[in-house]
Amino acid sequence: MLVVDPAQGLADVGPRIRAVADALGVPAAGKELTKRSEDRIAAVRKAIPAREEKPRVAFLYLRGSASVYLIGGKGSGATSLLEAAGAVDAGAESGLEQDFTAITTEALAKAAPDAILVMTKGLESVGGLDGLVKIPGVAQTPAGMDRRVVSVEDGVLLNYGPRTDQVLRSIVHQLYGDDTK
Amino acid sequence: MRRKYGTAWLLTAGLVLALLVLVPVAAGLGAYPVPVGDVLSSVQHRLGLGGGALGRVPESVLWNVRFPRIVLALLVGASLGCAGALMQGVFGNPLAEPGVIGVSSGAAVGAVAVIALGLDFLGTWTVSAVAFVSGLATVLLVYAMSRSGGRTEVVTLILTGIAVNAFAGALIGLFLFFADTAAVNQITFWQLGSLSQATWPKVLAVLPCAVVGLTLAPLYAGRLDLLALGERPARHLGVDVERLRVVLVLVIALLTAAAVSLSGIISFVGLVVPHLLRMAAGPGHRFLIPASALLGALVLLGADLTARTVAAPAELPLGVLTALIGSPFFFWLLRRARRGQGGWA
């Protein structure tokens, strides 16, 4: 029986892979996979275009029209991904400690994120990109006005496993478009 | 009697005045600060009376986030308050509130079913539309089941309502049991009640129901006063009690279902608002019905203002807040009124 602590950030990728590999009795393969994963993540980070101002990204948890509207804070686990992608987590930055907080629509407008990170199913549940940018609060942010939305598959976003580099690459790509080297 | 009439006028004027003050204040306060002066200036601008438009973002926050929310709070509050006053009048029972005849729980079953089963045949409107229909249908069901021999007894109606409420609670529990985690989250939030997703289309959706209900309700004030004498005396005085009940139950259902379907469950307003007014200015329905609508609007606007500002940037659930603050206040008032009148039988 192996219980792995919930991942909080990119730094957990290596230890998590090793913990699983050790438990399976293949520590050498674990080391190899750790190195490969970390190298790949580093490669993605290298390719991020240099910018003067870091984009501020709000991680929103959306579910349908029934007013579930939560913003990710420090505990959401996305902060480290966003930082690796050269962005700032708008929720954590505004001092939210919990994983998710129900915020008022206006508070989001005030936070004025440049982009919004959502999970794919959440985005579908509000009617896709067109539905999202119409939600009160989102419509008033630079992200909503410019339709700058990053969506990642629900199960993949926060798993911090060997495929984290793909998640990171996808975020970087959606965030900066074709500027990526 | 003289004194009571004076109190009624004074209270009505006070309520209107309080609303006139609270609306601009609520429009100015929020996580995104817009000074009251700017609010007035922007309103003037839109009305073509001078003033000036604000920047793109504050203008949009004001007109697309805050105003729809304020208007929705006023409509929902007025609907709930008015429905509560009607309900207590129709059933001559101080415990009556729209929830008793199954509007809220019926609407909740509809909403919960939609969320748990992941239905979206009407897009983002599905939850509200189904909640409205199932709320109305539940009331009609309760009403039909409690009729016998062309008459409806109040006791039967209320007991039927209680049974249907219990059944609805069981259905909700069943849906919760089968729903996945995300749906459970969504259901929980819906049940806590909120106006945070207010938009102009939602205001327009609740507007016709609220207008019809709030216009019809005062027309029945006189007959409700007669009904307060008792069913038999009222009948002898020419009131068609059975018809009065049918019409008013429909009005109550319309008002409450429209409100609940858009805001989720907001407890307390419908029960307590009419009680407060009755304690202050007597039980005459000519005053009680319109004043309950006014006070309901005022209470909900104030509660929503608190919900979205007191813990900013976080938002408190509105339904929780109304009950949390309202219940102790009501208790205090109850004790006071009871002492003043030397106890009730």
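**View 1. A nonpolar patch on the surface of chain A.** A:Leu2, A:Val4, A:Val20, A:Leu24 and A:Val26 make up this surface patch, and together they have about 400 Å² of accessible area. The model is predicted: local features need pLDDT of at least 70, side-chain atom pairs count only at pLDDT 80 or more, and totals for chains, interfaces and linings use all residues. Residues are numbered from 1 along each chain as its sequence is written, chains are lettered from A and ligands numbered from 1 in the order in which they are written, and side-chain values use heavy atoms, with hydrogens and water left out. Patch members have over 30% relative accessible area and no salt bridge; like charges are joined within 9 Å, and nonpolar side chains (Val, Leu, Ile, Met, Phe, Trp, Tyr) within 5 Å. Areas follow the Shrake-Rupley method with a 1.4 Å probe, and for residues only the protein chains shown count as cover. A:Val4 sits in the segment before α1 (13-24) of chain A. A:Val4 is partly exposed, because its relative accessible area is 31% (buried is under 20%, exposed over 50%, partly exposed in between; 1.4 Å probe, protein chains only).

**View 2. A:Ala21 in helix α1 of chain A.** Helices (H or I, at least four residues) and strands (E, at least two) are DSSP runs, numbered from the N terminus. A:Ala21 has 7% relative accessibility, so A:Ala21 counts as buried. From A:Ala21 to A:Gly177 is 156 residues in sequence and 36 Å in space, C-alpha to C-alpha.

**View 3. A salt bridge between A:Glu93 and A:Arg56.** The term means a side-chain nitrogen of Lys or Arg within 4 Å of a carboxyl oxygen of Asp or Glu. Here the closest N and O atoms are 2.7 Å apart. The pair links distant parts of the chain: A:Glu93 is in helix α4 (residues 90-93) and A:Arg56 in strand β1 (residues 56-63) of chain A, 37 residues apart. A:Glu93 is partly exposed at 46%. A:Arg56 is partly exposed at 21%. Over all chains, the count is 10 salt bridges.

**View 4. B:Glu59 meets B:Arg46 in a salt bridge.** The N to O distance is 3.1 Å. B:Glu59 belongs to helix α3 (residues 56-91) of chain B, and B:Arg46 to helix α2 (residues 36-46) of chain B; they are 13 residues apart. B:Glu59 is buried, with a relative accessible area of 10%. B:Arg46 is partly exposed at 46%.

**View 5. B:Glu315 pairs with B:Arg69.** The closest N and O atoms of this salt bridge are 2.7 Å apart. B:Glu315 lies in the loop between α13 (285-309) and α14 of chain B, and B:Arg69 in helix α3 of chain B, so the pair ties together parts 246 residues apart in sequence. B:Glu315 is buried at 12%. B:Arg69 is buried at 3%. Elsewhere, salt bridges that share partners join A:Glu106, B:Arg66 and B:Arg308 into one network.

**View 6. A patch of positive charge on the surface of chain B.** B:Arg335, B:Arg336, B:Arg338 and B:Arg339 gather here. Lys and Arg count as positive, Asp and Glu as negative; His and the chain ends are not counted. Each charge is placed at NZ of Lys, CZ of Arg, CG of Asp or CD of Glu. B:Arg336 is in helix α14 (residues 318-340) of chain B. B:Arg336 has 49% relative accessibility, so B:Arg336 counts as partly exposed.
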